[in-house]
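We will walk through it one stop at a time, beginning with a charged residue and its surroundings.

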Amino acid sequence: QVHLVESGGDLVQPGGSLRLSCAASGSDFSISGMGWYRQAPGKQRELVATLTSGGSTKYADSVKGRFTISGDSAKNTVYLQMNSLKPEDTAVYLCLADVWRGFRYYPTWGEGTQVTVSS
């Protein structure tokens with residue numbers, strides 16, 4: 001079984017920055033992509049940014065130019081650098097990994113880390 005652990009969430013003032021991390025652990029697996037999603041109270045979960053093993057990235061329009069996703073494949077870790085944070089960025093941020101064991105695909109979610117942007 002593969003586990004994802006997110007970290008880096010915090011309370012930050014508008015205009016501030018945070019860096020989230022998501023590390024995958026387990027055995028006998030590979031990852032073809034990782035991504036960040038977020039869910040605010042009363043709202044649907046939404047895509048924030050994704051990163052494929054080939055280095056392709058995708059961002060939600062609301063975070064383009066402010067957030068940057070990056071990864072360390074050797075550590076099975078993905079990062080989300082968040083700058084110029086706004087109150088509307090407040091949410092639980094969850095990591096998703098496209099995990100493969102042989103030819104079987106296991107989309108795997110972390111438990112999330114809380115980001116609160118408030119003065």
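Glu6 is buried but takes part in no salt bridge: Arg45, the nearest side chain of opposite charge, is 8.3 Å away. Buried means under 20% relative accessible area, exposed means over 50%, and partly exposed covers what lies in between, using a 1.4 Å probe and protein chains only. A salt bridge is a side-chain nitrogen of Lys or Arg within 4 Å of a carboxyl oxygen of Asp or Glu. As for charge, Lys and Arg count as positive and Asp and Glu as negative, while His and the chain ends are not counted.

Before going on, please keep in mind that this is a predicted model, in which local features need pLDDT of at least 70 and side-chain atom pairs count only at pLDDT 80 or more, while totals for chains, interfaces and linings use all residues. Residues are numbered from 1 along each chain as its sequence is written, and side-chain values use heavy atoms, with hydrogens and water left out.

Where does Glu6 sit? You will find Glu6 in strand S1, residues 3-7. Strands (E, at least two residues) and helices (H or I, at least four) are DSSP runs, numbered from the N terminus. What does the side chain of Glu6 reach? It reaches the backbone nitrogen of Cys95 at 2.8 Å. A polar atom of the Glu6 side chain also lies 3.1 Å from the backbone nitrogen of Glu111. Leaving aside residues up to four places away in sequence, Glu6 touches several others, among them Cys22, Trp36, Tyr93, Cys95 and Glu111; contact here means heavy atoms within 4.5 Å.

Two of those neighbours deserve a stop of their own. Cys22 and Cys95 are joined by a disulfide, with the two S atoms 2.1 Å apart. A disulfide is a pair of cysteine sulfur atoms within 2.5 Å, and the structure holds one. Cys22 belongs to strand S3 (residues 18-25) and Cys95 to strand S9 (residues 91-101), so the bond ties together parts that are 73 residues apart in sequence. Both cysteines, Cys22 and Cys95, are buried. Is this disulfide left-handed or right-handed? The torsion about the S-S bond of Cys22 and Cys95 is about -85 degrees, so the disulfide is left-handed.

Now let us return to salt bridges. How many does the structure hold? There are four salt bridges. Arg38, Glu46, Arg66 and Asp89 are linked in a network of them, which we can follow step by step. Start at Glu46, whose side chain meets that of Arg38 at 2.6 Å, N to O. Glu46 is partly exposed, with a relative accessible area of 36%, and Arg38 counts as buried at 6% relative accessibility.

Asp89 counts as buried, at 0% relative accessibility. Asp89 also forms a salt bridge with Arg66, the closest N and O atoms being 2.7 Å apart. Arg66 lies in the loop between strand S6 (57-59) and strand S7 (67-72), and Asp89 in the loop between S8 and S9, so here the parts tied together are 23 residues apart in sequence. Arg66 is buried as well, with a relative accessible area of 11%.

The last stops are in loops. Most residues other than glycine have a negative phi. Asp28, although not a glycine, has a positive phi of about 55 degrees. You can find Asp28 in the loop between S3 and S4, where this residue counts as exposed at 69% relative accessibility. Ser84 is not a glycine either, and its phi is positive at about 50 degrees. Ser84 is in the loop between S8 and S9 and is partly exposed, with a relative accessible area of 41%.

Finally, find Ser27, in the loop between S3 and strand S4 (30-39). Ser27 counts as partly exposed, at 42% relative accessibility. Ser27 and His3 are 24 residues apart in sequence, and their C-alpha atoms are 9.9 Å apart in space.

Technical notes:
A polar contact is a pair of N or O atoms within 3.5 Å; within protein, one must be able to donate a hydrogen and the other to accept it, and residues adjacent in sequence count only if both atoms are side-chain atoms.
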